[in-house]
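This report describes a protein structure for a reader who is new to the subject. Please keep the sequence and the structure in view while reading.

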Amino acid sequence: MKKKIEVFAYANEIMKALGTGILLTTKAEGKINSMTIGWGNLGIVWGKPTFTVFVRENRFTNSQLAKNPEFTINIPYGNFNKKISGFCGTKSGYEVDKIGDLNLTLEPPEIIAVPAIKELPLTLECKIVYKQKHNEHAIGEETKREYYPRDVASNFYGANKDFHTVYYGEIVSAYIIE
C-alpha cells in the first residue's frame, strides 16, 4: 500500500537523508539498478516539482538513463539497513545485480516504468525534463581540485576523473510505501 504525499512537506527528511545517501534507481532493457547518491536538489523548475541528480559519465546509471529517461529516488524513512546504501555506493551495475544481491523488494511504480524499493519507502517517481553535461571550464578550480582530481584513474572505485551529467527529473508521483 502507498500513501500519497506532498513532496515539499517532506523536504527536510529528503534533504537530511541525501546527506547520508539515498538511492537513484533506473530501469532499462529489463535491468534495474540502484546507485547511492549524496548530491541532489529538490526544487521547482519551469513551475514543476523536480529532483536534480548528478551522475558521472562512466557510471552504469548514466548508460541506463540514456536508454530510459525515468528514475525513482528511494529515501530511507524510519529504520533501514545501512548496508543497502553502502553496497549500492561501492558496487557497479556493470558487474553485479544489486537488487538481487541485496534481496530488495521492488514495488510497482504508479506512473513511470521504474519501480520503487520497499526498504527505502519514501519514493519520488521522476521523468527527465532536462539534462546537461558539466562543462569542466565552468567549474571553479578549487571545486575541480577537490571533486575531480586528475591523478585518479577513471576505472578505479571512487573514480572522480570524469565529470557529471546533470538530470532534472520532474516529480510525477510521490509516496511512502507502507
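## A salt bridge between Lys4 and Glu110

Lys4 and Glu110 are joined by a salt bridge, in which the closest N and O atoms are 3.1 Å apart. Lys4 belongs to strand 1 (residues 2–4), while Glu110 sits in the loop between strand 7 (106–107) and strand 8 (116–117), so the bridge ties together parts that are 106 residues apart in sequence. The structure examined here is a predicted model.

The two partners can also be described by their accessibility. Lys4 has a relative accessibility of 53% and therefore counts as exposed, because the exposed class begins over 50%. Glu110, with a relative accessible area of 37%, is partly exposed.

How many salt bridges does the structure hold? The number is three. One of them links Lys67 with Glu29, with 3.3 Å between the closest N and O atoms. Lys67 is part of helix 2 (residues 60–67) and Glu29 is part of the loop between strand 2 and strand 3, so this pair ties together parts that are 38 residues apart in sequence. Lys67 is partly exposed at 46% relative accessibility, whereas Glu29 is exposed at 71%.

Another salt bridge brings together the side chains of Glu170 and Lys48, at 3.8 Å from N to O. Glu170 is located in strand 10 and Lys48 in strand 5, so the parts tied together by this pair are 122 residues apart in sequence. Lys48 is partly exposed, with a relative accessibility of 31%.

## The overall fold

The protein chain contains five helices and ten strands. Its radius of gyration is 16 Å, close to the 16 Å given by the globule rule for 178 residues, so the chain is as compact as a globular protein of that length. Along the principal axes, the C-alpha atoms fill a box of roughly 50 × 40 × 30 Å.

Of the 178 residues, 48% count as buried. The accessible surface of the chain comes to about 9100 Å², and 50% of this area belongs to carbon and sulfur atoms. Among contacts between residues at least 6 apart in sequence, 73% join residues at least 24 apart.

In soluble globular proteins, nonpolar side chains tend to be buried together. The largest nonpolar core of this model has 26 residues, and the members that touch the most others are Ile14, Ile37, Phe51, Val53, Ile73 and Leu124. Several elements each supply at least two residues of this core, including helix 1 (11–18), strand 5 (48–56), strand 9 (122–133) and strand 10 (164–177). There is also a second, separate core of ten residues, which includes Ile32, Cys88, Leu102 and Leu120.

Which residues does Leu124 touch, when residues up to four places away in sequence are not counted? Among them are Val7, Ile14, Phe51, Ile73, Ile171 and Ser173.

Ser173 is found in strand 10 and is buried, with a relative accessibility of 3%. Although Ser173 and Leu124 are 49 residues apart in sequence, their C-alpha atoms are 5.9 Å apart in space. Beyond its neighbours within four places in sequence, Ser173 is in contact with Lys4, Glu110, Ile111, Thr123, Leu124 and Glu125.

Gln64 has its place in helix 2. Is Gln64 buried or exposed? Its relative accessible area is 1%, so Gln64 is buried. With neighbours within four places in sequence left aside, Gln64 is in contact with Thr26, Lys27, Ala28, Lys31 and Asn33.

## The cysteines

A disulfide is a covalent bond between the sulfur atoms of two cysteines. A search of the whole structure finds zero disulfides. Cys88 is in no disulfide, and the nearest cysteine sulfur, which belongs to Cys126, is 17 Å away.

Cys88 is buried, with a relative accessible area of 1%. Cys126 is likewise in no disulfide, and counts as buried at 0% relative accessibility.

Technical notes: Residues numbered from 1 in each chain as written. Predicted model: local features only at pLDDT ≥ 70, side-chain atom pairs only at ≥ 80, totals over all residues. Heavy atoms only, no water. Core = buried A, V, L, I, M, F, W, Y, C linked by side-chain atoms within 4.5 Å. Buried < 20%, exposed > 50% of the residue type's maximum accessible area, 1.4 Å probe, protein only. Helix = DSSP H or I, 4+ residues; strand = E, 2+ residues; numbered from the N terminus. Contact = heavy atoms within 4.5 Å. Salt bridge = Lys/Arg side-chain N within 4 Å of Asp/Glu carboxyl O. Rg over C-alpha atoms; globule rule 2.2 N^0.38 Å. Areas by Shrake-Rupley, 256 points an atom, 1.4 Å probe, with all protein chains shown as cover. Disulfide = S-S within 2.5 Å.
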